[in-house]
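Dear colleague,

I am passing on the structure below, and I would be glad if you could look through it before reading my notes on what was found.

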Amino acid sequence: MRARGETGKPASVQADVLAVPIYPADRELRPDLAELDAATGGAIARTLEWGEFNPLEDETALVEVEGIHAPRILFVASGKRGRGAWRARRGAAKAARRLQGRGATSLAFWLRDGEGPDAYAAAAIGASQGTFRPHAYYGRVRDTPAMMRSVEEVIVVGEEAPDEPLLTEAMAIADGVEWARELSNRSANDLYPERMAELARGLVDEGCTVEILGPAEMQALGMGALLGVGMGAAHEPRLIAVKLPGWQAGGDRRLAIVGKGVCFDSGGISIKPLERMEEMKHDKAGAAAVLAAVRTLARIAPDVPLMAVAPMVENMPGGAAQRPGDVVKAMNGKTIEVINTDAEGRLILADALHWAERQGATHLVDVATLTGAASVAFGDMISAYFARPREWGSEVAAAAEATGEWFWELPLATEYRDTLDSAHADLVNSAAREGSLVKSAVFLSEFVTVPWVHIDIGGSAYLIRDKAHNPKGSLGTTVSTLVRLARDFAQG
């Protein structure tokens, strides 16, 4: 997809379709909307008055109009939420998705509220997201060329057009988001730890340094927590590390982003219920996000002092599988009693986080589909995060806000640490269900000593059904945030 910005009145923009955000308060036309309505001979007012489109009930409506340079207007429901980048990204995604399979190749998206450059970039990324097809990787017999048609150009219209490089960079980020979605959506028989490592090796062509640790190397380093998770799987674990050229020059400030990479999570001996187990191919969404972020930065900002770390495993039952009651020793020397083999993500992150710190990371962020509790608490729109110190968390949250992702801070309540006590080891990997979202972060905090943020995307990593803004499957959550964070981090 191509993206460009344009200033001026939306009525003057040349495009196949003009997307117009409509708010609940627009039952009485605000001045900006009234001006566009007058240019169309009252088409907007008629559509709203007749009930053809109700922003409280409908997501989109496509109508033909006259009097402006776009032959059609696409009404897009925009909620009460006032954050410009978030609203722009979601609205543009809805618009582009609504036009899939139709003849429109150019889409103008109107930023009605005078949002700044971040909203322009977010709208461009959102429009690209709206063209994503999760079935395109494997293909389907019933997909015809007409069904595959999609918007090729988005024109973001507002009061101040951004610099061209900003939208060019936004498209690079959008490409990274799409790559993360593809990786996460790929099935477990297609993308397992060894194959994920092969894909990562290809980042050498992007100018990155790539290091792959196999079981022997991890055993020598004492990564018992990570290795224990993969004991029951036919595919052996790997630890992937990708460094940008700027990592070596980072000096006293180096950022490592660590992503949970469970290519399939059956729950192990503590096996999951049958219902929706097929979604567990998405348990590698965190790893997909950090690899996509580092690939994107290799293309637009290779001097950033960044390393991406992806511990890759399969969590499977079997004769050699880890059992409840087993005790493993993590790389930092702490012993862990495995109470629940389905609480495996924190085990692989424990070793990966410590290893990243040993490599010289002064700041850490981990991204993980860690808990079902995150989905229960926040649904599919919001990612929970924990921070130590909170100032570092504020920087991560600001990067999310700027790129149109929705993060929410939760307390790192170390007062719950005693619930992780074990009679046989330093701590257990799973405590009582109450407060489990917080306790999972408290567990991880035992394995880091530098500024660190844990982002739980257990609910926000993928959709369990089609929605107006995106299809069922992975969303590439946190890619844009990590890219923005790394850029800001490099600037001190």
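Strand β13 (residues 335-337) and β17 pair in the parallel sense over 2 bridges, where strands are DSSP runs of E of at least two residues, numbered from the N terminus, and helices are runs of H or I of at least four, and where pairing needs at least two bridges found by DSSP. This is a predicted model, in which local features need pLDDT of at least 70 and side-chain atom pairs count only at pLDDT 80 or more, while totals for chains, interfaces and linings use all residues. Residues are numbered from 1 along each chain as its sequence is written, and side-chain values use heavy atoms, with hydrogens and water left out.

Within this pair, E337 stands opposite V428 in β17. Both strands belong to an open sheet of 3 strands with mixed pairing, in the order β12-β13-β17, and its edge strands, β12 (327-329) and β17 (427-428), each pair on one side only.

S106 is found in strand β5 (residues 106-110), and S106 counts as buried because its relative accessibility is 11% (buried means under 20% relative accessible area, exposed over 50%, partly exposed in between, with a 1.4 Å probe and protein chains only). Leaving aside neighbours within four places in sequence, S106 is in contact (heavy atoms within 4.5 Å) with A15, D16, V17, V151 and E153. A polar atom of the S106 side chain lies 2.9 Å from the backbone nitrogen of D16.

Best wishes

How values were computed: A polar contact is a pair of N or O atoms within 3.5 Å; within protein, one must be able to donate a hydrogen and the other to accept it, and residues adjacent in sequence count only if both atoms are side-chain atoms.
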